[in-house]
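The sequence and coordinates are shown first.

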Amino acid sequence: MVVKEANLDIIATRRSQYPDNGRPEFLLVGRSNVGKSSFINTILGRKNLAYTSSKPGKTQTLNFYGVNDKFYLIDVPGYGYATVDKNTQAKFGMMIEEYLEKREQLKRVFMLVDFRHKPTEDDLLMYNFLKYYNLPVTVIATKADKVSGSKKEKNLKTLLKDLDLVIGDDLVVFSSVTKLGVKEVLNKIEEIVDVI
Ligand SMILES: Nc1nc2c(ncn2[C@@H]2O[C@H](COP(=O)(O)OP(=O)(O)O)[C@@H](O)[C@H]2O)c(=O)[nH]1
Ligand SMILES: [Mg+2]
C-alpha cells in the first residue's frame, strides 16, 4: 500500500462526532510513551503528523487520521493507563467504552506494548478488555531497536506467554527507528481494507 494522503480529520470525544462515512477503522491503544504517535508517523511515512513527546498530554480525545480516503487510524493521546488520576481514568474509560461498544467500522485494534519489558498489569488488563468486546487484536511490540539480539527471542517468548493470545490475534515486532514491521502492518491493514 502506498500512503498517498494522510490527515488528522476528526477529533472526537463523543459518538455524535465520529466519522459517518462507514470507512474501516483501526484503533491504537497502549500506555503513554509506548510509541503510539511514532507508530502512526512511521507507518504513514510522515514525520510529524501525530504529535510525539516524552510527556503524556492532557487532552483525552479520539483522533481520527484519515488515510487515502479509505480508512482511519485512531490515536488516543494523553492516556497512560495508570499514570492519570481516577477522575481522568474514569472519563477515558467512558470515552473508549462508548467507542468500543458498538462500532462496526472498527476492524482491528493495534495494542502497543514495549518490547523491552514484560507486559505490565495494565497491558494484560487492556488485552482482556479488548477480548471482552471480541475485537481482533494485533499486538505491536515497539522499540525493538533497543532490544539486543540475544534478548529478542527471550522477550518475544515472555510476551507471547504472558499475553496468551487467542487464535486470530497476532504480534508484530516493530521499530519506528529501523522501520522494522512497517510493511507487515501496512499489509495487514490493506488485506482488511481491500475485502470491504
Ligand atoms: N528507540 C525508539 N524510540 C521510540 C520508538 N517509538 C517511540 N519512541 C520514543 O518514545 C517516546 C514516546 O513516543 P510517542 O510516540 O510519543 O509515544 P505515545 O505517548 O504512545 O504516543 C518518544 O521519545 C519517541 O521518540 C522506537 O521504535 N524506538
Ligand atoms: Mg501520543
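## Basis and burial

A residue is termed buried if 20 or more other C-beta atoms lie within 10 Å of its own, exposed if 12 or fewer, and partly exposed in between, with C-beta atoms placed from the backbone. Buried residues make up 30% of the 196 residues in the protein chain.

This is a predicted model, in which local features need pLDDT of at least 70, side-chain atom pairs count only at pLDDT 80 or more, and totals for chains, interfaces and linings use all residues. Residues are numbered from 1 along each chain as its sequence is written, while chains are lettered from A and ligands numbered from 1 in the order in which they are written.

## Fold and dimensions

The protein chain holds 5 helices and 7 strands (DSSP runs numbered from the N terminus: H or I of at least four residues, and E of at least two). From the N terminus, their order is β-β-α-β-β-α-β-α-β-α-β-α. The radius of gyration, taken over C-alpha atoms, is 16 Å, close to the 16 Å that the globule rule (2.2 Å times the number of residues to the power 0.38) gives for 196 residues, so the protein chain is as compact as a globular protein of that length.
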